[in-house]
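Subject: Structure handover

Hello,

Here is the structure I promised to pass on. Please open it first, then read the notes below it.

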Amino acid sequence: MHQEYTVIEGDFVNAGKASSSVKKTLKQLNVNPQVLKRVVVALYEAEVNAIAHAYGGKVLVDIDADKIKMVVADKGPGIPDIAWAMEEGHSTARPEVRDMGFGAGMGLPNMQKNVDKLNVTSEVGVGTTVEMEVNFH
Amino acid sequence: MFYHALQIDEPRCIGCSRCMKTCPTEAIRIHGGKAFIQEHRCIDCGKCYEVCPVQAITIKDDDFEAIHRYSHSVALLPAVFMGQFPDDVSVSRVYASLQELGFAHVMEVESAAGIFRDAKDRYAREHPDVRPLISSFCPAIVRLIQIKYPSLSENVMPIKVPLDLCAMYIVEELKNRGIPREEIGLFYITPCAAKVSAVKAPVGEEQSIIDGVINMNLLFNRVYKHIKDQGKHHQYKPLNRQRLSADAVLSTLTNGERRMCSAKRSYAIDGIENVMDFLDKLENDEVEGIEFLELRACDQSCAGALLSVDNRFLCGERMYTRARKAAERERNGEMARDREMERYKDCLIEHSLVDEVQPRSMMVLDENIAKALEKMEKIENMKAHLPQIDCGVCGAPTCEAFATDVVCGQANLHCCVFYRLHLESKGKMTLGEGRTNMYSVWGDDRIVGEIEV
């Protein structure tokens, strides 16, 4: 099953729409509640990232009987040093975003903690793609 | 399979579908002109009861006369019961009336509010990794979490509520006075349907200690009539009763538990829609750092309970007045604070735990993920062809609920009035067949003759 959501830059009002919808789907699929929680927390984090730090983007979700794959692809500004950004407390957030309480540098580490597979690719000036996988069993 | 206390009185039901549209868990469907409750989805919140125009929704309760089967029948009252009476009827008069009506003992369950708090505090200390902790006080909320927020089940504190703690206390106390358990009848005067279920089918326990449940409306009528019959100047014999502390009186109202608890960051939320809104956020981890949640299904908590006779705000105000008086007595040192129950405190807290709250999701399409996925694709596909206006003519509350019912084999696609018209216009269905489908949902007596305008 495939689902797609659009994320708009700076639209904090609608942050969590994609993760809420995915949550409902997984409940209907009888996914273990604790696994469900990990999926939702990771996706919400990625969704907020695309809203807060990037210029919006897309969330693509694919679900089969064994796992969920989530791809959050944003449009710029990109992360120059991914390994550095993966460390807790490291953030590339712009000052105005930090003023809003985001950019604590916990986003990527938190995603890592909750998913079974995480792959981040980024090109400065083009965008960042976060690919996550969570196994159901 | 699942117990629920709300029942539809079929002969009385007119199939108006108000209940179906208001149910927060989409548990009601219309069939053959009558409403039906899907038991696995019903949490006994009573929203349907409130909107039914013909009182066709009833609450399963026990007969009042059952109290006479025991030589020591105990009336376990919720504090909101006192809040129903006009200002000129005193608490002690109500207690005396209950005894005159046949109860050997009368006790307000909030007497155990302090012990309930201590039990929760202890649980919080012993489980520092589970946050936020959700109070087990409101049984409709516990059920809501089980069926709709399965991942939050472990956050619900598996702790006996004041009613059970109070019942345990009185049994011990009476046993110590030499009265055998079988002569003690514990009757809870319930302000709502959810608490009936909590007694008849408790979560986390095999069986409740309570022997019977009496509808608060019915008992109010009896007591009030009794007082009226006796007249203003009746000399009654005041009972030696345990006075409630201000904290205890307020504990069933919104913020009542929150103001007593020691958690740093906590919220008190009332009204089932408000609670669902919040739990949606909580499940996403959108709100962090919360230690304790007091969640109540009814607006204004128990003052707004289903079987509250009077207006929720009038009842609430009377309780605040009573709490102010109690606080004054406490300040003047006139009140022996919970001294009686205090003696049993350690023992009660020791026995306050029940089994962990288990999720039982109502949303699962199939136990098998592959099959559930298949059904979901079908539902999505069907939804796209349905009008999406949630008219309810199919007998389900929304197009989505209808599509789910059809895919799960519980409804007939031909019950959608728009789809039917489409088939009829294509010559794929006769008018007669269409009418039969309409009758299957709404009964055959709803189509009227021609109307002159």
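First, a term: helices (H or I, at least four residues) and strands (E, at least two) are DSSP runs, numbered from the N terminus. Lys281(B) lies in such a run, helix α10 (residues 272-283) of chain B.

Now the ground rules. This is a predicted model, in which local features need pLDDT of at least 70, side-chain atom pairs count only at pLDDT 80 or more, and totals for chains, interfaces and linings use all residues. Residues are numbered from 1 along each chain as its sequence is written, while chains are lettered from A and ligands numbered from 1 in the order in which they are written.

**Confidence**

The model has an ipTM of 0.79 and a pTM of 0.91. For chain B, the mean pLDDT (the predictor's confidence in each residue, from 0 to 100) is 93. In that chain, 99% of residues reach 70 or more.

**Lys281(B)**

Lys281(B) has 13 C-beta neighbours inside 10 Å, so it counts as partly exposed.

Contact means that the C-beta atoms of two residues, placed from the backbone, lie within 7 Å. Leaving out residues up to four places away in sequence, Lys281(B) touches Glu286(B) and Val287(B). Asp444(B) is 163 residues from Lys281(B) in sequence. In space, the two are 45 Å apart, C-alpha to C-alpha.

**Where the chains meet**

Chain B puts 21 residues into the contact, and chain A puts in 20 residues. On the chain B side, α10 and α14 (369-385) each supply at least two residues. α14(B) gives the most to that side, with 6 residues. By class, the chain B side has 10 nonpolar, 4 polar and 7 charged residues. Here Ala, Val, Leu, Ile, Met, Phe, Trp, Tyr, Cys and Pro count as nonpolar, Asp, Glu, Lys and Arg as charged, and the others, Gly among them, as polar.

**A sheet in chain B**

Two strands pair if DSSP finds at least two bridges between them. Chain B holds an open sheet of 4 strands, in the order β6-β5-β8-β9, with parallel pairing. β6 (105-108) and β9 (212-215) of chain B each have a single partner strand, so one side of each is left without a neighbour in the sheet. From one strand to the next, the twist averages 25°.

β5 (residues 72-77) of chain B pairs with β6(B) in the parallel sense over 4 bridges. Ala75(B) stands opposite Val106(B) in β6(B). Helix α6 (residues 162-176) of chain B packs on this sheet and touches β5, β6 and β8 (184-190) of chain B. The direction of α6(B) makes about 155° with that of β5(B). Axes are lines fitted to C-alpha atoms, for helices over the stretch in contact, and angles run from 0 to 180 degrees between N-to-C directions.

**Two packed helices**

Helix α3 (residues 91-100) and helix α8 (residues 216-230) of chain B pack at about 100°, with their axes 10 Å apart. That makes α3(B) roughly perpendicular to α8(B), a label for angles of 65 to 115 degrees. α3(B) brings Arg93(B), Val94(B), Ser97(B), Leu98(B) and Glu100(B), and α8(B) brings Val223(B), His226(B) and Ile227(B). The contact of α3(B) with α8(B) has 4 nonpolar, 2 polar and 2 charged residues.

**Chain A**

How many helices and strands does chain A have? Chain A has 5 helices and 5 strands. From the N terminus on, they run β-α-α-β-β-α-α-α-β-β. Of the 137 residues in chain A, 38% are buried. Take its contacts between residues at least 6 apart in sequence: 59% join residues at least 24 apart.

β1 (residues 2-7) and β2 (residues 57-63) of chain A run antiparallel, joined by 6 bridges. The bridge partner of His2(A) in β2(A) is Asp62(A). β2(A) also runs antiparallel to β3 (residues 67-74) of chain A, with 7 bridges. Gly57(A) stands opposite Asp74(A) in β3(A). β2(A) and β3(A) form a hairpin with 3 residues between them.

β4 (residues 117-123) and β5 (residues 127-135) of chain A pair in the antiparallel sense over 7 bridges. Val120(A) has Val130(A) as its bridge partner in β5(A). β4(A) and β5(A) form a hairpin with 3 residues between them, and Gly125(A) in the turn has a positive phi of about 85°.

Best wishes

How values were computed: A residue is buried if 20 or more other C-beta atoms lie within 10 Å of its own, exposed if 12 or fewer, and partly exposed in between; C-beta atoms are placed from the backbone. Angles under 35 degrees count as roughly parallel, over 145 as roughly antiparallel, 65 to 115 as roughly perpendicular and the rest as oblique.
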